[in-house]
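Notebook open, model loaded. I want to go through a handful of spots and write down what I find.

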Amino acid sequence: MKNIPVGQYMVNEGIITEEQLQNVLDAKKNENVPGKFFGDYVIELGYVTDVQFGMVLARKLNVPFIDLNDPNTVIDLDAVNKIPEALAKKHNIIAIKVTGKRLTVATNDPVNFYIFEDIKVTTGMDVVPVLATKQAIVKAIGKHYSMQNVGNVIDSVESQFGQEEEEDQERINDAPIVKLCTTIVENSFRADATDIHIEPFKTYTRIRIRVNGELIELMNVSNVVHNSLITRIKIISGMNIAEKRIPQDGRFTQVVDGTTLDVRVSNLPVVCGEKCVIRILATGDVGVRKITDLGMNPYNYDVFSRCLKVPQGVFLVTGPTGSGKTTTLYAALGELAKPNVNVITVEDPVEKKIDGINQCQINAKAGMTFAAALRSILRQDPDIIMIGEMRDQETADIAIRAAITGHMVLSTLHTNDAASTITRLVDMGVAPYMVASSLIGICAQRLVKKLCGECKTPRYSTEEENALMSIEESVTVFDACGCPKCNNTGYTGRTAIHELLVCTPEMAALIANDGKTVEIAELAKSQGTKLLRDNVSELVQEGITTMDELVRVTYAV
């Protein structure tokens, strides 16, 4: 069993079929790329994920498998330091544990004994191999070695700029400041940050990153570095480096661990210099989520799926900035984009490139506004239109008319809940009868942080908390505590909560009669809509999130 090829082993295990095996072998034979193995093809063709293939290979080779992307996997920094970074990158390996004179090393090639001999010569230790996926090792190398380099980079930058204050072009392009700028973006991406804030103060510059919706400090640097750092960012993002009195916007791309990041930059003059905020956008390299991965409960998922089956009308996703609206819209588009329909999007900017969908980018300076783009799109024979955001009356008006004339329109609005979205559309100048006749449904959503499974602590809910969750008796709830696995935050990752309002005939009649937000909300609730508060209460009682998060996202005076 052990000596048979891995493909046949997978067929015997029932993981792939004989037909799929033949497809993989044909692809390998036709391409014949040196250094590309059976595993690369079987993953590329989508028959298994890289983790699933890793686990199969580990079973066949009788080697333990480790998932380095799992938040619960601990990598010992003392072990990492045993192997030089150049050697780790050369062989795509990372040391994860030291036990006496034995070094546990994660590799994607556990039968290559030349690698282990190389490590043994360098470290003087016996090597115990474990199997991990290629991508996970690349990411782990980037993350664990780069954190050690940060201090060295800052020291070299500050020693260079500690002497003099003047700013010239030659010094800006010098290696240390370039390296500092690159390191900040790399470390922020590896920490799963969405934004980087570079803030000047009188004696220092603070650099903070937004992770899971909260700002945490990444590093402080000397204030003498600030001007050079900002100038470097301005150069790579295409801004005017001589202009320091007015806000500017720019963008650049950077490759981190094999992923191309699309980075947006906003610059703002403040009292002590220029503040810079860098937004790291989800890139085309990151796969679009399926609607089953949005974290909806069974009821909301059923309603959402039914709304997407309606052939024409407007479906809106609402919530504040950073609440995952675009992710939900992309998941919906992924479901709707079939070879027999024409899907066109208008976005500012295009955040993810999706295969098979025509995506337009807004350019206000050139006159390519949402409204102008929409008018042109309607002459492009579309079936489904996605509008990044309804910002003004003109855009809303065209979108509603497009829905009435037989198109499916998806868009977002910044409102607090589903019911107030309807009032907002009417306030924007869209006639109530037009809203009533075009609306399919509204999905209001927020993101809540998920508790760390290792350190969450149970307790019974108080009477005040029971009232917030609309329950009679106390139940077990959990508090965030903090441990090394969650960087002492108590939380790992986020999930979405949803509130879905469907435009039934009764709802349409109420909207056409200029119904108020409270009346719309009451009717929606009587028709089965679960409010955001109900959704997050369920998550609290399931031990997924905390009461603090419930109050943060749904508290109202």
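My entries follow, one topic at a time.

I am working from a predicted model, so every note here is about computed coordinates.

**Cysteines.** How many disulfides does a search of the whole structure find? I got zero. Cysteine 481 has the sulfur of cysteine 455 as its nearest cysteine sulfur, at 5.4 Å, and is in no disulfide. I would need a sulfur pair within 2.5 Å to call a disulfide. Cysteine 503 is in no disulfide either, and its nearest cysteine sulfur, on cysteine 307, is 9.8 Å away. I also looked up the accessibility of cysteine 503: it comes out at 15%, so I put this residue down as buried.

**Aromatic pairs.** I searched the whole structure and came back with four aromatic pairs. I wrote up one of them, phenylalanine 38 with phenylalanine 53: the centres are 6.5 Å apart, the planes make an angle of 40°, and the pair is tilted. I find both phenylalanine 38 and phenylalanine 53 buried.

**Second largest pocket.** Phenylalanine 53 turned up again here. I get about 840 Å³ of space in the second largest pocket. Its lining has 27 residues, and those nearest the centre are Phe37, Gly39, Asp40, Phe53 and Asn108. Which elements give two or more residues to this lining? They are α3, α4 and α8 (134–161). The most comes from α4, which gives six residues.

**Lysines over rings.** I noted two cases. Lysine 456 lies over the face of phenylalanine 478, 4.6 Å from the ring centre. Lysine 530 lies over the face of tyrosine 299, and there I read 4.5 Å to the ring centre.

**Helix α12.** Which residues of helix α12 (residues 298–308) are buried? I listed Asn300, Val303, Phe304, Ser305, Cys307 and Leu308. I then looked at what covers them: the cover includes strands β10 (313–318), β14 (408–413), β15 (439–451) and β18 (491–502), along with helices α13 (325–336) and α21 (532–541).

**Valine 477.** I found this residue in strand β17 (residues 476–479). Is valine 477 buried or exposed? Its relative accessibility is 0%, so I count valine 477 as buried. Setting aside residues up to four places away in sequence, I see valine 477 touching Thr457, Pro458, Arg459, Tyr460, Ser461, Met469 and Val540. I also took one distance, to alanine 436: 41 residues apart in sequence, 41 Å apart C-alpha to C-alpha.

**Positive phi.** I wrote down two residues other than glycine with a positive phi. Asparagine 212 has phi near 55° and sits in the loop between β5 (204–211) and β6 (214–222). Aspartate 381 also has phi near 55°, and its place is the loop between α14 (370–377) and β13 (384–387). With a relative accessible area of 61%, aspartate 381 goes down as exposed.

Threonine 321 is in the loop between β10 and α13. I make threonine 321 exposed, because its relative accessibility is 60%.

Glutamate 389 lies in the loop between β13 and α15 (393–404). What does glutamate 389 contact, leaving aside neighbours within four places in sequence? I found Phe370, Thr395, Ser411, Thr412 and His414. From glutamate 389 to glycine 453 I read 36 Å, C-alpha to C-alpha, for 64 residues apart in sequence.

Lysine 352 is in the loop between β11 (343–347) and β12 (358–361). Its relative accessible area is 9%, so I count lysine 352 as buried. Lysine 352 and aspartate 262 are 90 residues apart in sequence, and I read 9.5 Å between their C-alpha atoms.

Methods
Residues numbered from 1 in each chain as written. Predicted model: local features only at pLDDT ≥ 70, side-chain atom pairs only at ≥ 80, totals over all residues. Heavy atoms only, no water. Buried < 20%, exposed > 50% of the residue type's maximum accessible area, 1.4 Å probe, protein only. Phe/Tyr/Trp six-rings, centres within 6.5 Å; stacked < 30°, edge-to-face > 60°. Lys NZ or Arg CZ within 6 Å of the ring centre and 35° of its normal. Helix = DSSP H or I, 4+ residues; strand = E, 2+ residues; numbered from the N terminus. Contact = heavy atoms within 4.5 Å. 1 Å grid on protein atoms, 1.4 Å probe; cavity = no way out; pocket = protein on both sides within 12 Å on 5 of 7 lines; lining within 4 Å. Points joined across faces, edges and corners; volume = space filled by probe spheres on them.
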